[in-house]
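Let's take a walk through a protein model together. Have the structure open and follow along as we go.

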Amino acid sequence: MDARRTGTWLGAAVAVAVLVAAVFVVPRLLADEVAAPAAASTECVARTDAPTSEIGAQQATWVRFCPLAEEGAAQRVRHPQGVVTGELATSVATTLFQAQVDRPVCTVDESTPGPTGLFRIEVGLADGRVAEIAGDTGCSTRDELLFAQLETTLLMEAAGAAGQPGALPAPVTCPARFTTTATNTDGPSADLLTETAGSPWQSTVPLLPLPATAADVCVYAGAGPRRALVDQWQVGSPLSETIRSTATTEVLRGAMTDCPLDAGAASYVVVLTDATGTARTLALDLTVCATLQAAVGTPPVDTYLGLATPSLVRLVVRSRP
């Protein structure tokens, strides 16, 4: 208590009646004075105010993915929207800082196209300031690891809140036509896919809100409207989750088709399902440059993601049990 307030109470002690009243009033005032401050905000900030080195110098109180500083960047990678707090935030921040120290600096431009996926991680520090780590999943293995570490933590936290997964769901009924719109289901986790971006090209809504516990693969022969369903299979985790993770990072974002039609190639509809029954669909068209579409958000909207990399194509094609 400061000197001014102390003087006030000494003056009040002149009158017995006031002193008696103070016996009841002072504890209340003191309680108000030392009340715990409001919890620090875990929201993204407009501008960070601490250098990255501070992540290794002091304790972290929260960690989360945040929008890119450049609002016009079209190469943003999709990611969960949650926030890690408490002791787990300290652990995650330490791991992220150690992984990013001395990581190579590289650029991906038109002369060296890659599966670019820009992301930004903000870390709330114990002194109230905020630091950031920015990266590109297509730039280096180290950057992809940085992204995967926080993404996995957020997904596992959300999965833990949803409860233990049950048995594999019944195989989906593959749509007769090649589409992402016929095989989507909203479970309790679907609210985590609500779109918040002002424009579709700014969207970072993930392909699935929780880890994928099942993946149904529908195979089509032919091209265009003449496609016909020729095969179907289902796989569980961890392969289903690997497909979801790879489809998030192994994409040439915004790339346009520039190859001849391959009418003899197969096409694939992949339905990813999480532990709560939320299902979202990918459509991989190998007849046209391995284009990748996805049903994104709640409600799901058919969205062009870009061109799948050979690693994603191989994963889907070879996933048959």
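**Starting at a strand pair**

In β3, glycine 124 is the bridge partner of tryptophan 62. This is a predicted model, where local features need pLDDT of at least 70, side-chain atom pairs count only at pLDDT 80 or more, and totals for chains, interfaces and linings use all residues. Residues are numbered from 1 along each chain as its sequence is written, and side-chain values use heavy atoms, with hydrogens and water left out.

Strands β1 (residues 60-65) and β3 (residues 118-125) run antiparallel and are joined by five bridges. Strands here are DSSP runs of E with at least two residues, helices are runs of H or I with at least four, and both are numbered from the N terminus. Two strands count as paired if DSSP finds at least two bridges between them.

So what does the whole sheet look like? Four strands make an open, antiparallel sheet in the order β2-β1-β3-β4. At the edges stand β2 (83-85) and β4 (130-136); each has a single partner strand, so one side of each has no neighbour in the sheet. From one strand to the next, the twist averages 15°.

Next, hop over to arginine 280, which sits in strand β9 (residues 279-285). Is arginine 280 buried or exposed? Arginine 280 is buried, with a relative accessible area of 1% (buried means under 20%, exposed over 50%, partly exposed in between, using a 1.4 Å probe and protein chains only).

Note on methods:
Axes are lines fitted to C-alpha atoms, for helices over the stretch in contact, and angles run from 0 to 180 degrees between N-to-C directions.
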